[in-house]
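User: I've got a structure open and I'd like to learn how to read it. Could you walk me through it, one feature at a time?

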Amino acid sequence: NNRFLFYCHVSDEKHQNAATTKMNVVQMIEDMIGRGEVTRADLKRFMDDTDGCYKQYFSANACQRLSELAAHYGMFFDRAIAAPGHGKNEVDGLNGVIKTLLRHYFSCRIQSPMDDDNDSKVAVHKIAAGDNKCIEIGKECHRVLSQAHTDLVELPAAHKKLLESRKVDENVFLYRKEGTINQNMQMVAKGFPKGDGSSKNYNILGDGDLGMGMVAVRVIPCPCDGCDERLSRAWDPKITDPKLQPRYSGNCTECERWPIFKGRNNWKIIRLEKKVTKKNDGLATAVALQESWAMTLEGIGKLFSESVVVGRIGVMVYDGEDEPYRL
């Protein structure tokens, strides 16, 4: 009973970075939970891949946001980055259809097409909403796309075969207001072995047990049974060094491709810290991190609230010796 949901995020926000990606993912997951597609207890591992800009997806900021997502939902966020080069896949085709629809729609809304220097772009002030008023492009895109696909779902019975042959069961369009994301975060990644670095690793893993500020990285993504079994190993709270945890320590000889990789698939734990320079005192980053911590705590609280069972007692473990746990 798997369903193919295609999510499209619409916003007037100009930034397209790790912070934007994080908020889009949160918005998508919360929508799926609200629809009843999944529950928080169902969430175990989120796998994504990207063929976008390498530096954008493997920056220290991107790793930090991935660790925040993992802590927020208490699960794995497994990201594979395509090797250098840019290909096309099904997602590009679906996005192309959406862009074509919007381009045709907005071409009818430009007040003076002949005066527009670049017909591929639509300026906000040129979108007429009646009575010489202007509209927010992001909000209007969301309205147009939602209505267009609602009409498609409600096609008459004569088009039943067309609907049944669709690869996408439902298109979901989510709108986010501009200015809802704190972009002021600058992090630095530390802990790479000598001679290693972010440009040599194409798999990033956010782990809810690692928490915020840490990710596991390796050279080559691999979803084989051996690699999956290693990640399924229980977290040992008695082991304080995450590098020594059963799921991360030692050679990944369980991997089916070990004879080929021979150690290139071993996990490395990377720490993420505030970037402090002469021109940057890290204060803006500290504020952004506090907001992320508050958001993550809210997510953990929701996860706990949905796991409440009548007749049992909830316990929260603390690091302090005076108060090791709280009922």
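**Reading charges, core and sheet**

Analyst: Happy to. Let's start with charges: there are 21 salt bridges in the structure. Keep in mind that this is a predicted model.

User: What should I make of a salt bridge, and which residue does Arg 65 meet in one?

Analyst: The general idea is that side chains of opposite charge can pair when their charged atoms come close. Here, Arg 65 meets Glu 68, with 3.4 Å from N to O. The two sit 3 residues apart in helix H3, so about one helical turn separates them.

User: Is Glu 68 buried or exposed?

Analyst: Glu 68 is buried, at 0% relative accessible area. Arg 65 also counts as buried, because its relative accessibility is 8% and the cut-off is under 20%.

User: Which parts of the chain does the bridge between Asp 196 and Lys 268 link?

Analyst: Distant ones. Asp 196 is in the loop between S5 and strand S6 (203–206), while Lys 268 is in strand S8, 72 residues apart. Their closest N and O atoms are 2.6 Å apart. Asp 196 is partly exposed at 23%, whereas Lys 268 is buried at 17%. There is a network to look at, too: salt bridges link Arg 3, Asp 31, Arg 35, Glu 37 and Glu 170.

User: Back to H3. How many of its residues are buried?

Analyst: 13 of the 14, so the rest of the structure largely encloses H3. From first C-alpha to last, H3 reaches 20 Å, close to the 20 Å expected at 1.5 Å a residue. Just after H3 comes Gly 74, with a positive phi of about 65 degrees.

User: Now the nonpolar core. Which residues have the most contacts inside the largest one?

Analyst: Ile 29, Tyr 73 and Phe 77, in a core of 33 residues. H3 gives the most to this core, with 6 residues.

Note on methods. Residues numbered from 1 in each chain as written. Predicted model: local features only at pLDDT ≥ 70, side-chain atom pairs only at ≥ 80, totals over all residues. Heavy atoms only, no water. Core = buried A, V, L, I, M, F, W, Y, C linked by side-chain atoms within 4.5 Å. Buried < 20%, exposed > 50% of the residue type's maximum accessible area, 1.4 Å probe, protein only. Helix = DSSP H or I, 4+ residues; strand = E, 2+ residues; numbered from the N terminus. Expected span 1.5 Å × (residues − 1). Salt bridge = Lys/Arg side-chain N within 4 Å of Asp/Glu carboxyl O.
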